[in-house]
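Subject: Handover of a structure for your review

Dear colleague,

Please find below a structure that I am passing on to you. I should be grateful if you would read the notes after it with the coordinates open.

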Amino acid sequence: MLSFNILVSICLIYVIILFMVAALAEQRAQKNKLSFLHSPIVYTLSISVYCTAWTFYGAVGSAARNGLEFFAIYLGPTLVFIGWWWFLRKLVRIGNTQRITSIADLISSRYGKSNLLAVVVTLLAVIGTTPYIALQLQSLTLSFAVFTQKNANAPSSAITALFIAFGLAAFTVVFGTRNLDANERHHGVITAIALEAIVKLIALLSVGIFVVWFVADGPTEVLANAERMLPKTTGVFTPRWVTLTFLSGAAIICLPRMFQVIVIENDAEKHLATASWAFPLYLFLMCLFVVPIAATGLEILPEGSNPDLFVLTIPLAMGQEAIAALAFLGGFSSATSMVIVAAIALSTMVSNHIVLPLWLRRVQARSPESDDVRSILLRSRRISIVGILGLGYLYYQFTGGTSALASIGLIAFLGVAQVLPALSFGLFWRNATRTGALAGIMVGFTIWAYTLFLPSFDGSFILTNDIMENGLWGLSILRPHALFGINIPDPLVHAVFWSLFLNLFAFVTLSLMTTPKPLENLQALQFTNVFGMSSQRHMPSSISTSEDLFVLAQRIVGRTRAARLFEQKAKEQGKPHGLPDPTSEFIITLEREFAGSVGAATAHAMMAQISGRETVSVEELIAVADETAQVMEYSARLEKQSTELAETAKELRRANNKLTKLSQQKDDFLSQVSHELRTPMTSIRSFSAILMNDGEIDREQFARFSSIINDESQRLTRILDDILDLSFLESGKVKLNLQVKNMGEMLEQSITASSTSYDMSNVDIRLSKKFHDVKLLTDADRLTQVFINLISNAIKYNNKPKPIIKIDLAETPDYITAIISDNGPGISEGDREIIFEKFSKLSSGGAASGVGLGLSICAEIMRNLGGNISFKPSDSGATFEVKIPKKTDNHDAR
Amino acid sequence: MSKSVLIVEDEPFILEALSFLLKREGLNVVAFTDGDGCVEHIQSIKPDLVILDMMLPNRSGMQILEDLRAIDNFSNLPVLMLTAKGQKKDRAAAEQAGVSLFMTKPFANKEIIRNVHRLLGI
């Protein structure tokens, strides 16, 4: 058996190593050799303070008692780190830009730098954390006891706990209060914590590997044991399971020590990226062997052994003292790292939000700069650390070994989770107010204390058994485990539900009902919009002299730091040898610097005091901020309008182009019309003048000229008719006179009409008989007009001695096509493209009397009828195809 | 010997009216109805005056005029352009190309006879 003395020696040596590591890290930090300290791995490892002795030893105990339930405690943080990195990132960004010193400081700062809120959160954190520290002390003394069971010389557990508490206090004081500025990282402590994280992991993995491969016979047997020995869980998504996952997820953000390592000690935002996978991996490794150890312990150790100590007792039972000692160091590391970080976080809160404001009030009559704020802060912080550990020790003394302590882990989680609504909503919801936050936290805290914390004393503290049974004042709706008569069997689920629900309800309702103060408004803007803001730019102008500021700064941040700040500012302002002007921007910087030491609320109060004003012209500030918001909104609106305008302009340009083109077309058309009308008018005018003025012409000439005048007049009329017809067809207002008609009849009519003006003696028109079998629903007059035009052209332009015109039929499922071909001169290749255009004068048909509108009209008619007309190139003559849609209405199309 | 006038016109009735009017004035009238080959025809018959239509099949009166002015012996040949296209820009283009006189259709018989006489110097 490992003797107690050897164990103590091991611990001492370990602690000395930790001291050395911390001291070395501090040294390097001061020389600015921070490359290793700035690594994301150190950051990730430091986050493992989440795994306390409660998880180190307790996870196995939990697995032995409740099966896989312990897993939820690891799942919550994993989900937060993987799924909520954006939330953590915002938190870290705010922590850095606002120089936040603690979770109480963050919430106070968010809600208008309210000190009352900071005090409430601090008290909540102290009340939630003290039992947790006691739990660590208990774990340590219990683990010591395992080694000293048969040792009469061993001191009592109370003495052990006292020593441990004292040692931890010393370590924390030495490394936790070296820098006053809580925002300046505690490199020594964090490095030591990272080392402890590695020890924890190695210890648990060693025990796990030992258990699986040396005690049991490999994973298969272990799993079989687990199946047999461990309690069955009743399914994963039970209310308790979900509650535990949620609670542990909330805890990773809200626990003061977690906030300390994740937000305050964060060096670079990008470390979160590494932590988002590395920390879940760490958790995974930490819980990898929990089930095997629990199962094997239940299997091989005598009944009634404390499963919380399996990690130690299994190696001891197997005579592996080295592994047991390593496991002990793992537990020791878990407990000490938690206590150290928690003590730092809490002491910062207590001294910044409780001690310092009280002192400020005491010295208010005098000027604050007359006392050395710096030494007071350091002293108060050291005393706080000792006080917090003392509280933990006292708590352990009074409740040690009782069930009140065993279940304290989850109780503490829920206690600190009461800040979650105020914290998370504060980051995203601008209208959340101080009153709402205060009310939510107090309501949640009260419900938590009443339904979970106080009942954990089993009737021995404040809540009597009578109240537990019958409710406060005998009102059964106030029974601590069944509020409002709603019976939720699991007290934890019950407490989580009611405390957080009523917390959130009070928070949201009161936030909606109250109007935030100007400073709250400003802070809300800075927090919710932290990614959109470069830095705060405006601040009141009139304030005390630079000398006053310098004295104050010296007191708070120390002589060297203050001198550096002022010199740098002076240089920036172009006054390298004097004091900088107390510009608003400089005052902001200073206040933020001070906030890094004493918290936002206190720093604000100090600046207000020195400026001689209660509120440092916050209204001005808000006016500026609001104005900025308005300007931004206005410019967004302008931008939108200008986009719309650009769009409209584009449309107008398009319309204008189209109109210009149309206008050009109209001009061309008018010019062409004028030309077409002038030609016959020229002949008419000339010949009529000859007839009028000259008596010398003979009869024959008289007849000839008169007939020309007559012909040309008719031509004029025809042109006008065609133009009107075409413009009517193009207008789209054509009303078709649809009727069913036999195509053969239509074509025969067309041939007759075409023949009247020509000598038909030699013309051979061959109409296909098939047309007489086709009936069409169409506008027969319009279609006939097309046929007449085509047949007339075929006759008119045919120069063969024996003109032949063939009219054939082709049919597709949807169309009837009339193919009109002749043996005339055809249409030259160059002209084929323009024949359907208006006023197209064909080179080959120069002598003809056509105006060039006929085929345009045909094309327009066919368009109106839903068909088309096209020219088909062929070897000889011209071939036109007229395609007419078959109508399949009720009328028979065929 | 009477002076000769070449009328280039594709509209038969207008050609007929012009021929009637000018022949009655004792002029020697020759007709041509196509843009193609017109310049060569002018070169071969060497008329004293050309009455030129603007819109001709195959080759416009404007092009014929430009070609004509590019030939040494014909740079001073009187050319009366007669067109139904009476727009200002057509007149300007014709004057640019070196037309002797630009008249629009329909025309007054007396005016065209007077102008022909003037251009022929009689």
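The notes below cover conventions, confidence, salt bridges and the contact between the chains.

This is a predicted model, in which local features need pLDDT of at least 70 and side-chain atom pairs count only at pLDDT 80 or more, while totals for chains, interfaces and linings use all residues. Residues are numbered from 1 along each chain as its sequence is written, chains are lettered from A and ligands numbered from 1 in the order in which they are written, and side-chain values use heavy atoms, with hydrogens and water left out.

Confidence

The pLDDT is the predictor's confidence in each residue, from 0 to 100. Chain A has an average pLDDT of 79, and 82% of the residues reach at least 70. Among the elements of chain A, the lowest mean pLDDT, 54, belongs to helix H19 (residues 403-406), and the highest, 91, to E7(A). Helices (H or I, at least four residues) and strands (E, at least two) are DSSP runs, numbered from the N terminus. For residues 890-894 of chain A, pLDDT stays under 50, and the model has ten contacts (heavy atoms within 4.5 Å) beyond four places in sequence for this stretch. Where pLDDT is low, the predicted coordinates should not be read in detail.

Salt bridges

Over all chains, the structure holds 13 salt bridges, each being a side-chain nitrogen of Lys or Arg within 4 Å of a carboxyl oxygen of Asp or Glu. One of them joins Glu712(A) to Arg715(A), at 3.4 Å from N to O. These two residues are three apart in helix H31 (residues 699-731) of chain A, so about one helical turn separates them. Glu712(A) is buried at 2% relative accessibility, and Arg715(A) is buried at 5%. Here buried means under 20% relative accessible area, exposed over 50%, and partly exposed in between (1.4 Å probe, protein chains only).

A second salt bridge in chain A pairs Glu811(A) with Lys886(A), at 2.8 Å from N to O. Because Glu811(A) lies in strand E4 (residues 804-811) and Lys886(A) in the segment after strand E7 (879-885), the pair ties together parts of chain A that are 75 residues apart in sequence. Glu811(A) is partly exposed at 34% relative accessibility, and Lys886(A) is partly exposed at 23%.

In chain B, Lys105(B) and Asp53(B) form a salt bridge, their closest N and O atoms lying 3.1 Å apart. The pair links distant parts of the chain, 52 residues apart: Lys105(B) is in the loop between strand E5 (101-104) and helix H5 (109-120), and Asp53(B) is in strand E3 (residues 49-53). Both Lys105(B) and Asp53(B) are buried. Salt bridges with shared partners also join Glu712(A), Arg715(A) and Glu11(B) into one network.

Contact between the chains

Chain B contributes 20 residues to the contact and chain A 23 residues. About 2,100 Å² is buried between them, 59% of it from carbon and sulfur atoms; buried area is the accessible area (1.4 Å probe) that two parts lose on being put together, summed over both. On the side of chain B, Phe13(B), Phe20(B) and Pro106(B) lose the most area to chain A, together 28% of what that side buries.

Two salt bridges are counted between chain B and chain A. Arg704(A) and Glu16(B) meet in a salt bridge of 2.5 Å, N to O. Helix H1 (residues 12-24) of chain B gives the largest share of the side that touches chain A, seven residues.

Yours sincerely
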